[in-house]
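Subject: Structure handover, aromatic contacts

Hello,

Please find the structure below. My notes on its aromatic side chains follow.

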Amino acid sequence: MAAVDQIQLHFNPASLQALNFILAIIMFGVALDLRLDDFRRVLRQPRAPLIGLCCQFLLMPALASLLLLWLQPAPSIALGILLVAACPGGNVSNFFTSLGRGNAALSVSMSAISTLLSILMTPLNLMFWGRLNPATRELLQQIDITPGQIFLTVLTILIIPTFTGMLLAQQRPAWAARLRLPLRRLSIGFMLCFIGGALAANFDNFLQYIGNAFWLVLGVNASALLLGYAAARLARLPVRDARAVAFETGIQNSSFGLLLIYNFFNGLGGMALISAWWGVWHLISGLGLALFWSRRQPAVSTVLA
């Protein structure tokens, strides 16, 4: 564990700023397909957002905790998994939901709400589940999340690009129509470039320590995507809503996790490795699932029989 705790990953604040910029562009592109009526429908039917938020903040951390008790990885690795599992949905989930023919308005709404709720729910989940696990109990320390910092992230990455895109689609529909396809292709290109850059910058560390994180992150991430989709379908939500819930449950805001790790856990190596690798892997798994679903148009009224 000591060796894992001492590693330094080249996933610096500049990289996170670049990712935030990419996410803002992606959100602008996603918003070109959104209308106010989409959000009104979500408000009129709150069952889907509530199910999604329960998956994010209740079922997902519990599932991760059970898997960690079973697999018993190194304490810093386990705490990194618990932290990322307690983070809100990643904003890139909105892009994946849109690409995968899911309910993008539902995804955006859940991302915004979960990011605000994370001010309370992320530290509560981390402390609760972390203290239940004997391996992580000693590593925990009191954390203090600044609400203003969270709000600024939501404002710049989610709110401003979303409303700008929606405003352009409403005021200049012809422009929006011409931008949709190029922005979608550009977004996929940005994702692939960021994945390649992240792997190149951390290639030595990934080669040396990837065995500590690869299969664990893959298993927890796949379980989370399956959990979100299965829970939504068992709750008789339409397929488009279930796809949104799956992405919101399985795609975490790992940049938010890295921010907490470097500010409150002194960049603990195992935690940083998990959060950085999760940030790379969920882009791969999310993009793959979105492309798979993009070829399968769901029936609007499809529910479980």
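F214 has a relative accessibility of 23%, so this residue counts as partly exposed (buried is under 20% relative accessible area, exposed is over 50%, and partly exposed lies in between, with a 1.4 Å probe and protein chains only). The model is predicted: local features need pLDDT of at least 70, side-chain atom pairs count only at pLDDT 80 or more, and totals for chains, interfaces and linings use all residues. Residues are numbered from 1 along each chain as its sequence is written, and side-chain values use heavy atoms, leaving out hydrogens and water.

Searching the whole structure gives nine aromatic pairs (rings of Phe, Tyr and Trp, the last by its six-membered ring, with centres within 6.5 Å; planes under 30 degrees apart are stacked, over 60 edge-to-face, the rest tilted). One of them is edge-to-face, because the ring planes of F214 and W215 stand at 90°, with the centres 4.9 Å apart. W215 is exposed, at 64% relative accessible area.

F214 also pairs with W277: the centres are 5.7 Å apart and the planes at 35°, so this pair is tilted. Since F214 belongs to helix α11 (residues 203–234) and W277 to helix α14 (residues 269–294), the pair ties together parts 63 residues apart in sequence (helices are DSSP runs of H or I, at least four residues, numbered from the N terminus). W277 is buried, with 6% relative accessible area.

Elsewhere, F95, F96, Y229, F247 and W293 make up one aromatic cluster.

Two arginines lie over ring faces: R172 over W175, at 5.4 Å from the ring centre, and R296 over F292, at 3.8 Å (CZ of Arg or NZ of Lys within 6 Å of the ring centre and within 35 degrees of the ring normal).

Regards

Conventions: Helix = DSSP H or I, 4+ residues; strand = E, 2+ residues; numbered from the N terminus.
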